[in-house]
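Student: I would like to go through this model with you, one question at a time.
Tutor: Go ahead; keep the sequence and the structure in view.

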Amino acid sequence: MSAHLETLGRKPRSDRPALVITGLHKMFGDVAAVDGVDLTVPEGEFLTLLGPSGSGKTTTLRMIAGFTVQSSGTIEIDGTDVSKTPPHRRDVGMVFQNYALFPHMTAGENIAFPLEMRKLPKAEIRQKVADALKLVKLDGYAGRYPRQMSGGQQQRIALARAVVFQPRLLLMDEPLGALDKKLREALQLEIMHISRQLGATVIYVTHDQEEALVMSDRIAIFHDGRIEQLGSGEDLYERPVSLFVADFIGESNILHGTYAAGSGDADGGAVKADLGTWRVSPEWAARAGLADGASAAMVVRPERLHLAAPDAEVAAGRNAITATVTDVLYLGSTRKYELRLASGQQVGVREQLGRDEGDWRPGEQVQLTWSHGAGVLVAGRGE
Ligand SMILES: Nc1ncnc2c1ncn2[C@@H]1O[C@H](COP(=O)(O)OP(=O)(O)O)[C@@H](O)[C@H]1O
Ligand SMILES: [Mg+2]
């Protein structure tokens, strides 16, 4: 471990989870901003709260930090109930979207601030500030004022200030939201590497799914003040538990219909719609647990669809639907097809170039096929 990490890194204090949230609620008037969140975060995990605007991410983070008082529920950090502890005694570092550096202090003074609050010896403060500047690759910037730095540099300093006192939790609320795409992508990797080097437990908020997929060990999908699904990026993409998650993560083609239950263990039933009947694999049927006749949706990712001639025989184990090609987009490593179903619904297909590419043109009729296992069954609207 390089020297500057030794003074800043986390040493695990226990094998207890770093954060345990139980039954957390927050009402603003009669609006439930957070409506029953339970969450356990192991030490050293990078966990992202991902969801649309207004889904309760910031309110949850602010309750963890202690800036907002919960209506009910408890928050434990490192095994201690901090539900009634004021923010400055919770030992959490925080980075906000809008550079919240003190404008009248230099970068060095900003980073030193939490250490001075904690009354560390002067020599130790000097060393830790120098190490934190090195960590965020801004050694030499100690004397700069925030107004003399770019947005990205200011966020690096904010990060240095948030980690310099080795907090038990590092909380970040859309820290890259105000930066342009290129800088955002560079800083995503940097924040991720720094957190892992330090062994920090991170709760990170974003509404950007790509950012969440790139950075996180696990992602909690927020919807209307609740966690709709918690899992790795792969879990969420490959095994969404609901229409909301399927729609929110990645691109999906969603075929709505009614579920017709299967007749036994090897028969997962089917989704029936005006445009066809599509078989469901027993695994997906078991996961979804829908009743016969329930409103249902089949979710198929663009890369799982295959284009074939309209009269080609459909192989065993595959579903099919007829569509008309509307656009063919060449995207370098992939080719994207936009198609229209007879219902008017648009669907998308992605083909990896260099393997099984067809040569389909706008206006042509094709058959889209997918394996039974590639169609994820979830409850439909009105469930
Ligand atoms: N201080 C507040 N007063 C009243 N309503 C609030 C306040 N803060 C947040 N809300 C409401 O709570 C809900 C969740 O907001 P928030 O946690 O900021 O969502 P997110 O960070 O996911 O965009 C929204 O409906 C928002 O309008
Ligand atoms: Mg927010």
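**Loops, helix packing and a ligand shell**

Tutor: Asp224 sits in the loop that joins strand S9 (218-223) to strand S10 (226-231). Bear in mind that this is a predicted model.

Student: What is the phi of Asp224, roughly?
Tutor: Asp224 is a residue other than glycine, yet its phi is positive. The value is near 50°.

Student: Is Asp224 buried, partly exposed or exposed?
Tutor: A residue needs 20 or more other C-beta atoms within 10 Å to be buried, and 12 or fewer to be exposed. Asp224 has 15 C-beta neighbours inside 10 Å, so it counts as partly exposed.

Student: Where does Lys137 lie?
Tutor: Lys137 is not a glycine, but it has a positive phi of about 60°. With 13 C-beta neighbours inside 10 Å, Lys137 counts as partly exposed. Its place is the loop between helix H4 (122-135) and H5.

Student: How many charged residues are in the contact of H3 with H4?
Tutor: On the H3 side are Gly108, Ile111, Ala112, Leu115 and Glu116, and they meet Ile125, Lys128, Val129, Ala132 and Leu133 in H4. By class the contact has seven nonpolar residues and one polar. The number of charged residues is two.

Student: Which residues of H5 make the contact with H3?
Tutor: H3 passes H5 in a right-handed crossing. From H3 come Ala107, Asn110, Ile111, Phe113 and Pro114, and from H5 come Ile157, Ala160 and Arg161.

Student: What is the angle between H5 and H6?
Tutor: The helices in question are H5 (residues 151-163) and H6 (residues 181-198), whose axes lie 12 Å apart. They pack at an angle of about 15°. H5 is therefore roughly parallel to H6, at that angle of about 15°.

Student: How many charged residues are in the contact of H5 with H6?
Tutor: In H5, Gly152, Gln155, Leu159 and Val163 meet Leu183, Leu187, Ile191, Ile194 and Leu198 of H6. Seven of the residues in this contact are nonpolar and two are polar.

Student: Is Gly93 buried or exposed?
Tutor: Gly93 is found in strand S6 (residues 92-95). The cut-off for a buried residue is 20 or more other C-beta atoms within 10 Å. Gly93 has 23, so it is buried.

Student: How far apart in space are Gly93 and Leu169?
Tutor: Leaving out residues up to four places away in sequence, Gly93 touches Ala162, Val163, Phe165, Pro167, Leu170 and Leu171. Leu169 is 76 residues from Gly93 in sequence. From C-alpha to C-alpha, the separation in space is 6.3 Å.

Student: Which element gives the most to the shell around ligand 1?
Tutor: The residues around ligand 1 are Phe28, Val31, Ala33, Gly51, Ser53, Gly54, Ser55, Gly56, Lys57, Thr58 and Thr59. Strand S2 (31-41) and helix H2 (57-65) each supply at least two of the shell residues. The most, three residues, comes from H2.

Student: How many polar residues does the shell around ligand 1 have?
Tutor: The shell has three nonpolar residues and one charged residue. The number of polar residues is seven.

Student: For the whole protein, what percentage of residues counts as buried?
Tutor: The secondary structure comes to ten helices and 20 strands. The C-alpha atoms fill a box of roughly 80 × 45 × 40 Å along the principal axes. Of the 383 residues, the share that counts as buried is 38%.

Notes:
Residues are numbered from 1 along each chain as its sequence is written. Chains are lettered from A and ligands numbered from 1 in the order in which they are written. This is a predicted model: local features need pLDDT of at least 70, side-chain atom pairs count only at pLDDT 80 or more; totals for chains, interfaces and linings use all residues. Axes are lines fitted to C-alpha atoms, for helices over the stretch in contact, and angles run from 0 to 180 degrees between N-to-C directions. Helices (H or I, at least four residues) and strands (E, at least two) are DSSP runs, numbered from the N terminus. Angles under 35 degrees count as roughly parallel, over 145 as roughly antiparallel, 65 to 115 as roughly perpendicular and the rest as oblique. Two residues are in contact if their C-beta atoms, placed from the backbone, lie within 7 Å. Ala, Val, Leu, Ile, Met, Phe, Trp, Tyr, Cys and Pro count as nonpolar, Asp, Glu, Lys and Arg as charged, and the others, Gly among them, as polar. A residue is near a molecule or strand if its C-beta atom, placed from the backbone, lies within 6 Å of it. A crossing is left-handed if the near helix is turned anticlockwise from the far one by less than a right angle, and right-handed if clockwise.
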